[in-house]
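Student: I am new to reading structures. Could you walk me through a pocket and a helix pair?

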Amino acid sequence: MHHVTHALRKQVKPDKLNQIEGYYVVECKFESQFAKNPSKEMADLWEELQSVANSAPSSFTAAPGERGTIKAKASFNVSEDVAALRKAIEGIGTTEKTLIEILTHRSSSQKQAISKAYQETTKRILVNDLKSDTQGNFERVLVALARPPAVNDAKWIIKAMKGAGTDDSILIEILSSRTNKQIKELSATYSEETKKTLMQNLKSEVSGHFGKAILLLAEGARDESTNVNADQAKVDAKALYQAGEKKLGTDESKFIEILCKRSIPHLRQTILEYKNISGKTLQKSIEKEMSGNLEELLVAIVKCVMSTPAYFAEKLYKSLKGAGTDEITLTRVMVSRGEIDMLDIRAEFKKLYQNSLHKEINSDVSGNYGDSLKMICGGED
């Protein structure tokens, strides 16, 4: 029998230990194995995360700002900030350092107060001034930092649905990782921006089982109860097993109904029960039974259920380590998680890749853009 690490023992309630002990490989074993064989990387990563699924910090339950690196400034003075931004933008040559400093060290609500006061004082829109004064990736990160999170999410989704075809991976990332409240807020902003509802537009963009799952998530109506009924989790795990592994062909609608509607704590328990029943992880079963965008979406939901920070750590790693840096993804993830769970993402990143996120950004991205990302990252681990 594998034993559970001391750290995990301290985190997990005694009655949960029995469920984890005995059939989960623990983190410490994984870390040494990972160091020896990095090619097993992602295949094993999510299997190993199961061992801490019940005790992982959840971005779905943490209070806003609790695990972020971008926090409210204590001695916040809106007129001082507006004056500093004006000087940086209106002076001869833009002082990028000031822009980075202010936009990475104020909370979202503080930045909205700055934007409002900036407009009242100058009769200009801060985001527009940032656009005309900076360019490229640096412009994109500053503009995203200056906007409210719901506006960013709405604009990213609008862009994903623009032109021929839809960028499913952005829809998947946003809708599988956001809370009901965040989805409701981005939907409201989407309607203001496009004069149509998100649901209306999605219906004309996505179809089939994937479309059905995306529309369910876009309702922002996932069960939010925190009580877990172990018997119900067993029932759901069995239903998933019978809809996939146990069946000739796959009943996708059963996977969609359970994964898109049930609460996060309930799904964590269901994932543990599933491994018990089937002998393999739910993620492995989904990857075997499904393909294409539906597979990508359901796997993303399972990953976010187990650990949203680990899901984003993997996204960041791939955006930094792929063929050429994927700055669009890098910017979107860093900005959208900066105020939510960047501290947890950094911890997961270090654990998974034996290197800090700060170091990876530093070696991959330079200039004002790199400086902005390092400020959001918030420190070395």
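Tutor: Start with the second largest pocket, whose volume is about 520 Å³. On a 1 Å grid over the protein atoms alone, a pocket is an open set of points with protein on both sides within 12 Å along at least five of seven lines; lining residues have an atom within 4 Å of a point. This is a predicted model: local features need pLDDT of at least 70, side-chain atom pairs count only at pLDDT 80 or more, and totals for chains, interfaces and linings use all residues. Residues are numbered from 1 along each chain as its sequence is written, and side-chain values use heavy atoms, leaving out hydrogens and water.

Student: Which residues are the closest to the centre of the second largest pocket?

Tutor: R140, R147, K155, W156 and K159, out of 18 lining residues. By class, the lining has six nonpolar, two polar and ten charged residues. Asp, Glu, Lys and Arg count as charged; Ala, Val, Leu, Ile, Met, Phe, Trp, Tyr, Cys and Pro as nonpolar; the others, Gly among them, as polar.

Student: Which helix gives the most to this lining?

Tutor: Helix 10, with five residues. Helices are DSSP runs (H or I, at least four residues), numbered from the N terminus.

Student: And how are two packed helices described?

Tutor: By the angle between their axes and the distance between the axes. Helix 19 (residues 292-321) and helix 22 (residues 357-364) pack at about 20 degrees, axes 10 Å apart. They are therefore roughly parallel (angles under 35 degrees).

Student: Which residues of helix 19 and helix 22 meet?

Tutor: L316, L320 and K321 in helix 19 meet L357, E360, I361 and D364 in helix 22 (heavy atoms within 4.5 Å).

Key. Axes are lines fitted to C-alpha atoms, for helices over the stretch in contact, and angles run from 0 to 180 degrees between N-to-C directions. Helices (H or I, at least four residues) and strands (E, at least two) are DSSP runs, numbered from the N terminus. Angles under 35 degrees count as roughly parallel, over 145 as roughly antiparallel, 65 to 115 as roughly perpendicular and the rest as oblique. On a 1 Å grid over the protein atoms alone, a cavity is a set of points where a 1.4 Å probe fits but cannot get out, and a pocket is an open set with protein on both sides within 12 Å along at least five of seven lines; lining residues have an atom within 4 Å of a point. Grid points are joined across faces, edges and corners, and a volume is the space filled by probe spheres set on the points.
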